[in-house]
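Subject: Structure handover and notes

Dear colleague,

I am passing on the structure we spoke about, together with some notes on what came out of going through it. Please have it open beside this message as you read.

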Amino acid sequence: MANIREKQKDGKIISFSFTVCLARDASGKQVRRFTTWTPPEGLAPTKARKAAERAADAWEQEVKAEYEKEQQAIAEGRAYMLPPEKRHDDFVAFVNETWFPLQVQGNNRKAKTVSFYSSMTKIINEYFKGRTLQRISPIDIQKYLVYLRTKYQGRFGRPLTPKTVHHQYNTLNLIFSFAEEQEMISKNPMRKVEAPKKQKKPVDALTQEQAAQLFKLLPSLPLDFRCILLLLITTGMRRGECMGLQWGDIDEAASTIRIERNVSYTPESGVIISTPKTVNSIRTIPIMGSNMYCAAQVWGGMLCPWAFHHARYASCRSSSSSTGGPNGETSCLATTSTVSRRLYKAFCEKCSLLDCNYSANCFPPEHRNRNPGTVLTMPPS
């Protein structure tokens, strides 16, 4: 039978401590369990002691049954886990030491994706620091989402955008879903949390006149940057995919480009050359004859074709498996999409053009095609 001790304060019983001996280990030391039980308010001392005896008996049976399961698992060579209602895992430790290493870093994620979830979890961990994983309720998460929308301020004192708040919701969903799969929580609290609404914004597009002005100004740009803009506008490829192009990816006879790699940048990893975003992103797309000629000029006139004004930006990583350009060079684009984005932004500001992502969607509907990889005809000048 469990040992019961009462604790008093100012002559009143405030709690009872229960102790039970389950067995002895190999060295003869007792294997004991402890807990504290608080009686309901308003009970007389005699009734409180009787209630404590009943609670101690129920607790002792529960503890002994759990201990037997643990010993059986050990005898069978299985790992034993406490049931969710018995666990008290620190939320931040679970995210940083279990979920992030296994589900993000150890899941063949791209460096850009790892960096993204790292930034998402920083905000989450800051808010839930000191909380127990099993004690976070749907209401706690709803309060967190309200906090993000109303009080939180990110870099430069700016609030989070609705899109970022939605990313926070998705990250929490991944964290708690994994905890539920591993039987660390009994129920996923995210099931009772409504997803934040996304704000649909109209796509920024150049007017027909602005598009004509853009093409009119392109010849005044440096050859390498002009070629990059023409490829992005007329093929619909992503910026990182354009940065990863090598001469061996271009088939002059078929007038096509093979997309096989992507260039990205993160502060932790620097410039990284990897595969495109998805399996379906590895594709062959047509290229206009004028762009083919422009690309040949770039590779023919520069040792590192996309070095952007005499290699003022990030250095290029060459691939031993690529084939040479017109002069035998084996180079890939020497900068990241971030740098090309800044160059385009400066170009738009200088020419008083709308600053939008330079792709097929940058142009009015009559001059664009929403299917990536299809040729976009240039608007009339």
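To begin with the cysteines, the structure holds zero disulfides. Cys242 takes part in no disulfide, since the nearest cysteine sulfur, which belongs to Cys227, is 7.5 Å away, whereas a disulfide would need the two sulfur atoms within 2.5 Å. Cys227 counts as buried because its relative accessibility is 1%, and Cys242 counts as buried because its relative accessibility is 0%. Please keep in mind throughout that this is a predicted model.

If neighbours within four places in sequence are set aside, the contacts of Phe94 are Trp99, Leu133, Ile175, Phe178, Ala179 and Met184. As general background, nonpolar side chains tend to be buried together in soluble globular proteins.

Helix H3 can be described in some detail. The buried residues of H3 are Ser115, Tyr117, Met120, Thr121, Ile123, Ile124, Asn125 and Phe128, and what covers them includes H2, H4, H5 and strand E6 (262–266). After H3 comes Gly130, which has a positive phi, near 90°.

As for the aromatic residues, the structure holds 15 aromatic pairs. One of them is the edge-to-face pair of Trp99 and Tyr117, with 6.0 Å from centre to centre and 85° between the planes; this pair links distant parts of the chain, with Trp99 in helix H2 and Tyr117 in helix H3, 18 residues apart. Trp99 is buried because its relative accessible area is 2%, and Tyr117 counts as buried because its relative accessibility is 13%. Tyr127 and Phe128 form an edge-to-face pair as well, at 4.9 Å centre to centre and with 75° between the planes. Tyr127 counts as partly exposed, because its relative accessibility is 30%, while Phe128 is buried, with a relative accessible area of 0%. Ring pairs also join Phe91, Tyr127, Phe128, Tyr144, Tyr147, Tyr152 and Phe176 into a cluster.

A further residue to look at is His166, which is placed in helix H5. His166 counts as buried because its relative accessibility is 13%, and, with neighbours within four places in sequence left aside, His166 is in contact with Ala195, Pro196 and Lys198.

Finally, there is an open sheet of three strands, in the order E4-E5-E8 and with antiparallel pairing. Strand E4 (250–251) and strand E8 (283–286) are the edge strands, each pairing on one side only. Strand E5 (residues 256–259) is joined to E8 by four bridges, and the two run antiparallel; Thr256 stands opposite Pro286 in E8.

Note on methods. Residues numbered from 1 in each chain as written. Predicted model: local features only at pLDDT ≥ 70, side-chain atom pairs only at ≥ 80, totals over all residues. Heavy atoms only, no water. Contact = heavy atoms within 4.5 Å. Pairing = 2+ DSSP bridges. Buried < 20%, exposed > 50% of the residue type's maximum accessible area, 1.4 Å probe, protein only. Phe/Tyr/Trp six-rings, centres within 6.5 Å; stacked < 30°, edge-to-face > 60°.
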